[in-house]
Amino acid sequence: MKRVGIIMNGVTGRMGTNQHLVRSILEIRKQGGVALKSGERLMPEPILVGRNAAKLEALAKQHGVTRWTTDLEGALRNPRDEIFFDAASTQLRPKLLKKAIAAGKHIYCEKPVSTTLAEAKDLYAAAKKARVKHGVVQDKLWLPGLLKLKKLRDEGFFGKILSVRGEFGYWVFEGDKVPAQRPSWNYRRQDGGGIILDMLCHWRYVLDNLFGEVKAVSCLGATHIPHRWDENGKKYKATADDAAYATFQLAGGVIAHFNSSWTVRVRRDDLLTLQVDGTKGSAVAGLRKCFVQSYEKTPKPVWNPDIPQPIDFFKGWEEVPDENYDNAFKAEWELFLRHVAGEGPFRWGLLEGAKGVQLAELGLKSWRQKKWLDVPKLKP
């Protein structure tokens with residue numbers, strides 16, 4: 001058994017607790033660590049770090065974690081903790097990652113890695129210069145629904161892919177009559193909020209990895225709900241975008257369009273659905289399920305609004321069977337831990353994180369300028 005210490009910063013939040021601590025690191029510990037090619041097993045040993053001692057102590061006690069501290073500087077000085085992970089505020093992330101890089105720690109963090117491309121590129125350069133290993137969470141690549149899309153693509157099911165259409169979002173309550181299910185900073189631009197910065201980072205790695213490199217973007221944002229109520233019941237002005245309507249041109253001629261919204265009511269299979277249309281067939285995937293319709297089983301509708309629709313368009317689709325899928329966050333954590341142990345490459349690093357910030361920055365610029373913008377290639 002080989003030990004690897006992980007400084008886990010900002011895991012008292014919902015995603016940090018549920019996905020990264022409980023369903024990833026603690027699950028890896030329960031299974032006896034990560035199996036290495038050498039025959040050894042790599043066992044992660046977390047130390048929880050944050051500013052609120054009471055929250056840290058309660059979280060550690062609840063999940064049987066023996067180490068926690070509010071002293072980040074002290075944690076960074078411990079040579080036995082080799083990895084620094086951050087899931088806290090986007091605005092604070094560049095400064096924290098720079099400290100960890102300077103301390104010689106390997107870096108793993110949530111996205112966006114920063115609020116600006118300049119900061120993101122600077123982080124990548126700092127990590128490269130320090131020769132530390134680095135990774136960025138790109139969890140959707142390991143979701144069952146998207147893994148099924150990848151398999152269909154690799155098997156040639158689609159033929160030539162023509163277009164990708166994404167629908168993401170749900171109604172986030174304003175906070176006055178019903179408590180909001182997202183933190184209030186998400187709706188304040190001055191605090192790093194906004195759905196364009198949040199979601200275009202996701203769509204960049206999804207599109208690049210599954211359908212073709214993003215070459216150009218046209219984006220329209222909106223702040224549909226002008227005022228919301230924060231965690232203390234105080235009314236505030238929403239200064240960040242809560243919806244985005246973005247079109248992308250991909251390498252190979254594929255056109256992608258994503259609607260992202262926190263002001264939409266769901267009438268679809270899941271909170272995220274992707275429809276991929278190709279010359280030989282189409283697929284619609286959610287977070288877990290995926291349905292396909294081949295060319296041979298495609299119906300032939302005829303436009304006639306004067307009679308009830310004779311075709312049930314939900315029939316004629318077949319579900320792609322499940323395989324043994326792991327939690328998406330855990331799957332990427334295991335790949336990164338193996339990378340730190342010297343076993344295998346890890347291509348989802350800070351440069352990939354910078355690409356996400358680049359697309360979000362261009363999306364915001366496209367909205368302001370009301371024009372298409374090319375996406376320059378970022379060089380390693």
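A charge is taken to sit over an aromatic ring if NZ of Lys or CZ of Arg is within 6 Å of the ring centre and within 35 degrees of the ring normal. In this model, which is predicted, the charged end of Arg188 meets that description, for it sits over the ring of Tyr236 at 5.0 Å from the ring's centre.

**Strand β5 and its neighbours**

Strand β5 covers residues 81-86, and because five of its six residues are buried, it is largely enclosed by the rest of the structure. One of its partners is strand β1, residues 2-9, with which β5 pairs in the parallel sense over five bridges; within this pairing, Met8 stands opposite Phe85.

A pair of aromatic rings is described by two quantities, the distance of the centres and the angle of the planes. Rings count as a pair if their centres lie within 6.5 Å, and by this rule the count comes to 14 aromatic pairs.

| Pair | Centre distance | Plane angle | Class |
|---|---|---|---|
| Phe85 and Tyr108 | 5.9 Å | 35 degrees | tilted |
| Tyr108 and Phe336 | 4.8 Å | 15 degrees | stacked |

Why does the pair of Tyr108 and Phe336 count as stacked? Planes under 30 degrees apart are called stacked, and the planes of Tyr108 and Phe336 stand at 15 degrees, so this pair falls in that class. Phe85 lies in strand β5 and Tyr108 in strand β6, so their pair ties together parts that are 23 residues apart in sequence. Because Tyr108 lies in strand β6 and Phe336 in helix α8, the pair of these two ties together parts that are 228 residues apart in sequence.

Are the residues of these pairs buried or exposed? Phe85 and Tyr108 are both buried, with Tyr108 having a relative accessible area of 1%, and Phe336 is buried as well, its relative accessible area being 0%. Phe85, Tyr108 and Phe336 belong to one aromatic cluster, which also contains Trp142, Trp333, Phe346 and Trp348.

**Helix α5**

Helix α5, residues 117-130, has 14 residues and reaches 20 Å from its first C-alpha to its last, which is close to the 20 Å expected at 1.5 Å a residue. Its buried residues are Leu117, Ala120, Leu123, Tyr124, Ala126 and Ala127. After α5 comes Arg131, whose phi is positive, near 60 degrees.

**The loop between α8 and α9**

Pro345 lies in the loop between α8 (328-340) and α9 (350-369). Exposed means over 50% relative accessible area, and Pro345, at 75% relative accessibility, therefore counts as exposed. Pro345 and Lys355 are ten residues apart in sequence, and the distance between them in space is 19 Å, C-alpha to C-alpha.

Definitions and conventions: Residues are numbered from 1 along each chain as its sequence is written. This is a predicted model: local features need pLDDT of at least 70, side-chain atom pairs count only at pLDDT 80 or more; totals for chains, interfaces and linings use all residues. Side-chain values use heavy atoms; hydrogens and water are left out. Buried means under 20% relative accessible area, exposed over 50%, partly exposed in between (1.4 Å probe, protein chains only). Helices (H or I, at least four residues) and strands (E, at least two) are DSSP runs, numbered from the N terminus. Two strands pair if DSSP finds at least two bridges between them. The expected span of a helix is 1.5 Å times one less than its number of residues. Rings of Phe, Tyr and Trp (its six-membered ring) pair if their centres lie within 6.5 Å; planes under 30 degrees apart count as stacked, over 60 as edge-to-face and the rest as tilted.
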